[in-house]
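Please read the points below with the sequence and the coordinates at hand.

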Amino acid sequence: MIRDLVFVLLALLTVVPAFWVVFSRNIVHAGFALLFTLVGVAGFYGFLGADFLAVTQLMVYVGGVLVLVLFTVMMTHVPAVGRRRHGLDRLVPPAVFAAAVFGVLYKVITVVKWNVGEASTSPTTAEIGTQLMTNYVFPFEYVSIVLLAAMVGAAILIRERSHAGSDDAIAEEKQEARP
Amino acid sequence: MSFITDHILSWVTFLPLAGSLLLWTVVRREGPARLLALGVALADFVLSLHLWFHFDPKTGVDQFVERVAWLADGRISYNLGMDGISLMLVMLTTLLGPIVILSTWRAVTERVPEFMGFLLLLQAAMLGTFFARDMLLFYVFWEAMLIPMYFIIGVWGGQRRLYAAVKFFIFTMVGSVFMLIGIIYMYYHAGSMDLRAFLALDLPRQAQLWLFGAFFLAFAIKVPLFPLHTWLPDAHVEAPTAGSVILAGVLLKMGTYGMLRFAMPLFPQGVATFAPLISTLAVIGIIYGALVALVQPDVKKLVAYSSVSHLGFAVLGLFSLTKLGVAGSLYQMLAHGLSTGALFLLVGVIYERRHTREISEFGGLAHGMPRYATIFLITTLASMGLPGMAGFVAEFMILFGTFGSTTLAHGRLLTVLASTGVVLGAIYMLWMYQRVFLGRRDNPRNEGLADLSGRELVVLLPLVVLMFWLGVRPGVVLDRVEASIDRVLAPLAIEGAAPAGLGAALTTPVLELPEGQGRFVFGNPEMR
Amino acid sequence: MELLHVKIPSWGDLQWWLPEAVLCCTFLLALLGDMLARGRRPVVAFAISVAGLLAAGALAIADTHAVAPAGGRAIMGDLMVVDGMAIFFRLLFVFGGLATVLFAWTSEEIMGHRRENKGEFFALTVLMTVAMMVMAEARNVLMLYLAMEGVGLTSYVMAGYMRTSLRSTEASLKYVIFGAVSSAIMLYGLSLLYGMTGSLQFSGIRAVLLGGGAEPFGILVAVVLILAGMSYKIAAVPFHFWCPDVYEGAPTPVAALFSVGPKAAGFALMIRFFYTTFAVGTNAAASNSLIQVINWPLLVSVISAVTMTFGNLVALRQTNVKRMLAYSSIAHVGYLLMGFVLLSEMGLAAILFYLLVYTLMNLGAFFFVVAVNNHLKSEQLEDYKGLGYRMPWAGVMMVVFLGSLTGVPPFAGFVGKLYLFTAVMDRQWFWLVIIAGLNSVISLYYYFRVARVMWLVRPDEGHDSPLRLSWLQYTVLACLAVPTLVLGLYFGAFKDLADAGIRTMAGG
């Protein structure tokens, strides 16, 4: 009983702000709403006994990604979105598509006999750490190299922005942009 | 010499290829390039003479066979062979090779090594097509002909050469793709690309109809058969003289050769079903080509349309499904190769001097250029099919064969209609000759044109001689091809289909021609 | 954790993974070298990358003979496998990576700008090569996803490598967004599959499926989602829309690599995943896989037909050579998918062989565009007028590439198509072969339009000076053109390699 109640609360916490994210006109509001959704998801992880995932979700998404998004939104001047037309022709096709996806996934979730393991009651963090350092050491190392490439890429892209202003690049770019 | 004679077919095929590689890489100056090309083409002709003299006419099986496993554990092989049918077309090709090269001595001055290289490459591909007895090998050679021709038309052609080159390429490619699909289908079922394996395949009727359609489309475009002929006039008019000669002389025969070698023996059911339709189209082509040729203001275009008409005869002969008709069709290929090739050369000669081909520009040329006028007249008569010339024998056999055909319900009607094509042929050729050569020399620009030079005579005389020779001694050819035709047509079982009277005529060793133009020997080895 | 079937990896496994390990080190060394040279001497990173790629290539060739018995050698705790197919793709990717690095060195687009840090480009190419190899080796869902992300991340960076160009930036952004969406879709499918079967190993998934312990509808949804994600990677319709923009925006050498590398890797992944997980039996007849709810052959053949037709029809209208090649590469994906229809050994081997040929000819065509762009600063077809006469050798080689892309004998592309056509030569799929044949004719028109402009049109007055290529460019182009020609006439050995690749592919 109490489990059901917790589940419903978490679900509401996740889904209701998600609607807000999609329909809000104000991008800052949308960002804050996303915060609640992500916290809700973290709650689910915890609820299911995945303590490590829950903490990671909080730290990475709520603490890192989302804060970054909010900073970016607030620090850069986002032009006010003009009043877009929200006529039926704009709403109906996505709505139908979303409903169809929902229907299919609902059917999958209800029909399939899921291969469910025992939910662990003990903390998983140590076990995950051991696995990462033994059985999964290869993917772990591989990911580190891929992330290094991502960092290099980020460095390249950022550095170029700062350089771009200093030479003829901007002029060139404007030329190109002109029809 | 045994290293040559043991692999004589490969030598004949790849000698021109080697020449073209030399021309593209080493010999880059005009003069040496011309000489080298001529030398290679002559050497190739000499090599092919070996084939002529060592060919055994008694048997229809492939001779000089070379067979080496190539790919897929030998399911695809490098497989060359030659029977009488191939022999004739190969001789025509190797003969036209040096002639064509010699004819471009003055006409082509730009990028000579490349041009000669493409001519030789084209020759190699054509020879390979005639020799190939493996379907993949055949297809490779078949397609390999396209690229040199594309460049010959596209680089050295006339005003609208781009359009003509692309049209030529696209048309032929459409047909080839369907044939390729057909080949792959048969490979899938036969498990080998060997032609014999294909022949051994016993396909259901439905499959045969589709496959026949796929193969026939490729060949019909190449011939070209009536509704598919539209690329031909463009290609001919825009191509340089050498290109036109090769195109008319050999390339078009690929279509009829392909029908005879592949489409007909492989799919007897398809032949039986479509023969009435195809022969009707062929007759339409004969008359249509002749009528259109009649009204052409341009000499070259006129000759191009006459090709449509003449090759209509060749297709009609094949699909008369009588031995006589088929033999006549092969004869027509040779005759047309000689006479139309010569006509294009002659048109090239006058174009070099006047830079125009409009009939209305000319008149009374016979006065200033007697030798030119004489040879032109002989060629015109040969093209019309005057008795005593090669074309006559061919058309006679085709019409005779069609008339007696039992598989064609409307064979007699077709014969009558096709005969009007002969008459029309005489009209448009003679009328053109009259307007160009006879009458008064009104146009001052036609004054003082040089007559044929020694080189041009050397180019033309062999063709003229052969036109006569084949006209009076058909046995030279027919004896060599008879066994091969029998063998190729064996799957069609047409022998029994011949009516009693003609059947008897066919088996009679000597057939007297009504006009008394010599005897034409069919099936008598002593009369060679 | 027992369910995951993972064994603890041993250091010994590395000996079967030497080429990749060498390339990982090369990547790090190249970055380090570039840093030490303070980004001013890209030659350091270039030299390290070339040396590393050469070494990896040599090791990969040496491995060809040393490979394990049938079924390949499972490494890294069974997350990956080195078998015939993996080795085939290793060689292919090393070759493609090496060619790209060498040609990028001569490209004005990459090297011409007065900017520092060109060296990273080479390092990234090396890493992308590794990631593609891992894609071809993965036999575990986790590894599969990581490998795809590895290729994805490096390509996003490389697509946006030209700092000054709006086009390049836009291309990169598009790539990132579409890539993220598609990988999310695929991840969803993969997690459904895991949820149903409880295994991340392909073999484990297969075992559960064979046991009939999975709901067909669930499998259907999972497979469609996964297929969608992979279709994005290979740019099959309807997941192709990013492709032309990205290719056009990215520097041309990068576009060249994109058009062959990630696509080939995507196909490798699809082959291993779908074949070892879902296929039953090995012959064409038993191709109806474990996914009975789906009419798999129909689904794939429709995608294939639509993809090739779309690619060709749109390519027909392009006036920019690079964009034309981009659309034509979509068409080639359509041809390649033909080999996937029946999930038969014959078809898969045909895919492998075609990928080899396609790598040669498509890289060649793109590199020619690079060489032209160095001189003319243009990719417009109208600027190609008479180019054949200005750079005759390169022009001839371009004709070879174009002829091969069209599929005209005696070029390699013809042989590739021959095998693909044969693979679906089943009565039921006859229509697909006919569509493919007609598509070849369409492609003939636009490929030879380039040849026509280059050779049949005379250069304009004042624009007819000869253009010189460096010896390096000639060498790379020749290394692509000669095999394109030779493989058209003698392809036995390479076909055997492709066949062996499929035959010794580790079963599920």
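Predicted model: local features only at pLDDT ≥ 70, side-chain atom pairs only at ≥ 80, totals over all residues.

1. For chain A the mean pLDDT is 79, with 80% of the residues at 70 or more. Within chain A, helix α1 (residues 2–23) has the highest mean pLDDT of the elements, 89, whereas helix α7 (residues 169–177) has the lowest, 46.

2. The end of chain A calls for caution. Over residues 162–179 of chain A, pLDDT stays under 50. For this stretch the model has 15 contacts beyond four places in sequence.

3. The make-up of chain A is helical: seven helices and zero strands are assigned, in the order α-α-α-α-α-α-α along the sequence. Chain A has 179 residues, of which 11% count as buried. When contacts in chain A between residues at least 6 apart in sequence are considered, 56% of them join residues at least 24 apart.

4. Which chains share the most contacts? Two pairs of chains are in contact, and chains A and C are the pair that shares the most. Chain A and chain B, by contrast, have no contact between them, and their closest C-alpha atoms are 33 Å apart.

5. The interface of chain C with chain B joins 22 residues of chain C to 26 residues of chain B. On the side of chain C, both α17 (412–423) and α18 (430–456) supply at least two residues each. The most comes from α18(C), which gives 12 residues. By class, this side of chain C consists of 16 nonpolar, five polar and one charged residues.

6. Chain B is divided by the domain assignment into domain 1 (1–266) and domain 2 (273–471). The centres of these two domains of chain B, taken over C-alpha atoms, are separated by 23 Å. Contacts between them involve 35 residues of domain 1 and 36 residues of domain 2.

7. On the side of domain 1 of chain B that touches domain 2, the elements giving two or more residues are α4 (84–103), α10 (205–222), α11 (231–238), α12 (241–251) and α13 (253–266) of chain B. Of these, α4(B) gives the most, with nine residues. The classes on this side of domain 1 are 26 nonpolar, seven polar and two charged residues.

8. Where does the largest nonpolar core have its most connected residues? The core has 417 residues, and C:Met135 and C:Tyr354 have the most contacts inside it. Helix α14 (residues 345–376) of chain C contributes the largest share, 23 residues. Beyond its neighbours within four places in sequence, C:Tyr354 is in contact with C:Tyr335, C:Leu336, C:Gly416, C:Tyr419 and C:Leu420. Another core lies apart from the largest one; it has five residues, including A:Ala33, A:Leu34, A:Val41 and A:Ala42.

9. A last point concerns helix α8 (residues 202–210) of chain C, in which C:Phe202, C:Gly204, C:Ile205, C:Arg206 and C:Leu209 are buried. Among the elements that cover these buried residues of α8(C) are α7 (166–197) and α11 (252–278) of chain C. Just after α8(C), C:Gly212 adopts a positive phi of about 75°.

Notes: Residues numbered from 1 in each chain as written. Chains lettered and ligands numbered in written order. pLDDT = per-residue confidence, 0-100. Helix = DSSP H or I, 4+ residues; strand = E, 2+ residues; numbered from the N terminus. Contact = placed C-beta atoms within 7 Å. Core = buried A, V, L, I, M, F, W, Y, C linked by C-beta atoms within 7 Å. Buried ≥ 20, exposed ≤ 12 C-beta atoms within 10 Å, placed from the backbone. Nonpolar A, V, L, I, M, F, W, Y, C, P; charged D, E, K, R; others polar. Domains from an automatic or database assignment.
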